[in-house]
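The entries follow the order in which I looked things up.

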Amino acid sequence: MRSIYLDHNATTPTRPEVVQAMLPFLGPVYGNASSIHAFGREARVAVEEARDAVAVGIGADPAEVFFTSGGTESDNAALTGVVRSSSGRGNHIITSAVEHHAVLHTARFLAQSGCRLTVLPVDAHGQVDPDDVRRAFSDDTVLISVMHANNEIGTLQPVAQIGALARERGVPFHVDAVQAFGKIDVNVDALGCDLLSVSAHKIHGPKGVGALYIRRGTPFSPLLHGGSHEAGRRPGTENVPGIVGFGKATEWVLRERVDQAIHLNALTGALWVGLCDRIDRIRRNGHPVERLPNTLNVSFYAAEGESLILSLDLEGVAASSGSACTSGTEEPSHVLMEIGLDPRLAQSSVRFSFGRDNTMEDVDYVLEILPSIVQRLRDMSVLV
Ligand SMILES: *Cc1c(COP(=O)(O)O)cnc(C)c1O
């Protein structure tokens, strides 16, 4: 049977070159990067090479890049770290309603412990209005966090505009760039951000490793307490194999990014056009132009999303009915609700997220099998 992976926003296959680069560090090169002897120094050199690669990838100084256990930790550390060290200045946080739960749930947690929280709405394409940002700032605002690209619908936020507004007000700006990194240009100076989260496993690197960029001078207190690893900002013996893999994955994704954007855009474009030709009563979610090249989110009226995913899976196609974190629950996606879909339509949605190994044949195969799947589910549906 065919096996077609169209769920790259959930995670990506680890590149063979990345696995190769990691292997020595899972075996013979086992030194602790903090040790001063030869074993330690070898690990240290590898970690610093990876730090340089990630820094180049986001246009930062390597001294401002700190390795973490992934995007979730980076988001948690960014929000909590700034808020905790700003207590004298205020306790107001601004974020958007379509953030990844790693940001949204952290913001809500901080609100439960006394912070004032403003959650900005988005328009029908999933974008925040910079005017809303301007109005939300107040004298006690200590942090704004808005994502670069949405993981479910691919919409890009006006992050550079938001960065400029934050800069005017002197408010630290955090950007969750986990989905944007490697797919579009991500540059901390162009975005005007003070903190930025990235994750290795979304760019063909290993799971369980990521980084947080913290601009020099940004108020920050660490989430974890312990040794002086990562300049004290993230104590704990470094995950050397993971970090090495992250560095290698970054080098590759940067090298291929521009070509891949064209390739991925062609695949999502062909799938959407093909679906429109073959299936009626569908809608595309997210911004038509300001979006990630690899992501296509489609609602199929009167065809339940989880059933679509399971039927596709039976035919060898892996897609997602929302973010990976919400699959298996009955809750409709918060992102699709926020762009104004009614709950039933939100639950009739499929996210196709493509990657470098996908081909036009994969698109053709989906177009071959999906119309009859949708028809069968609609025939069974009481909503038709
Ligand atoms: C995947 C993802 C995260 C979480 O990253 P992990 O490394 O899986 O913890 C955070 N934000 C966005 C936008 C993501 O897509």
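The model I am reading is a predicted one.

Entry 1, α3 and α4. With that cut-off, I found that Thr72, Asp75, Asn76, Leu79, Thr80 and Val83 in α3 meet Ala102, Val103, Thr106, Ala107 and Leu110 in α4. Sorting these residues by class, I noted 6 nonpolar, 4 polar and 1 charged for the contact of α3 with α4. I then looked up the geometry: the axes of α3 (residues 71–84) and α4 (residues 101–112) come within 9 Å and cross at roughly 30 degrees. The hand of the crossing of α3 and α4 is right-handed.

On the α1 side I listed Glu17, Val18, Ala21, Met22, Phe25 and Leu26, and on the α8 side Val240, Pro241, Gly242, Val244, Gly245, Lys248, Ala249 and Trp252. By class, the residues in the contact of α1 with α8 come out as 10 nonpolar, 2 polar and 2 charged.

I next took helix α2 (residues 38–58), whose axis comes within 8 Å of that of α8 and crosses it at roughly 35 degrees; the crossing of α2 and α8 is left-handed. From α2 the contact draws on Ala43, Ala46, Val47, Ala50, Ala53, Val54, Val56 and Gly57, and from α8 on Val240, Ile243, Val244, Phe246, Gly247, Thr250, Glu251 and Leu254. I classed the residues of the contact of α2 with α8 as 12 nonpolar, 3 polar and 1 charged.

I moved to the division of the protein chain, which gives domain 1 (4–11 + 257–380) and domain 2 (16–252). Taken over C-alpha atoms, the centres of domain 1 and domain 2 are separated by 28 Å, and the contact takes 30 residues from domain 1 and 30 residues from domain 2. How much area is buried between domain 1 and domain 2? I noted about 2,500 Å², of which carbon and sulfur atoms give 56%. Arg257, Leu292 and His334 supply 24% of the area that domain 1 buries against domain 2, more than any other three residues.

How values were computed: Residues numbered from 1 in each chain as written. Predicted model: local features only at pLDDT ≥ 70, side-chain atom pairs only at ≥ 80, totals over all residues. Heavy atoms only, no water. Contact = heavy atoms within 4.5 Å. Helix = DSSP H or I, 4+ residues; strand = E, 2+ residues; numbered from the N terminus. Nonpolar A, V, L, I, M, F, W, Y, C, P; charged D, E, K, R; others polar. Domains from an automatic or database assignment. Buried area = accessible area lost by both parts, 1.4 Å probe. Axes fitted to C-alpha atoms, helices over the stretch in contact; angles between N-to-C directions. Left-handed = near helix turned anticlockwise from the far one by under 90°.
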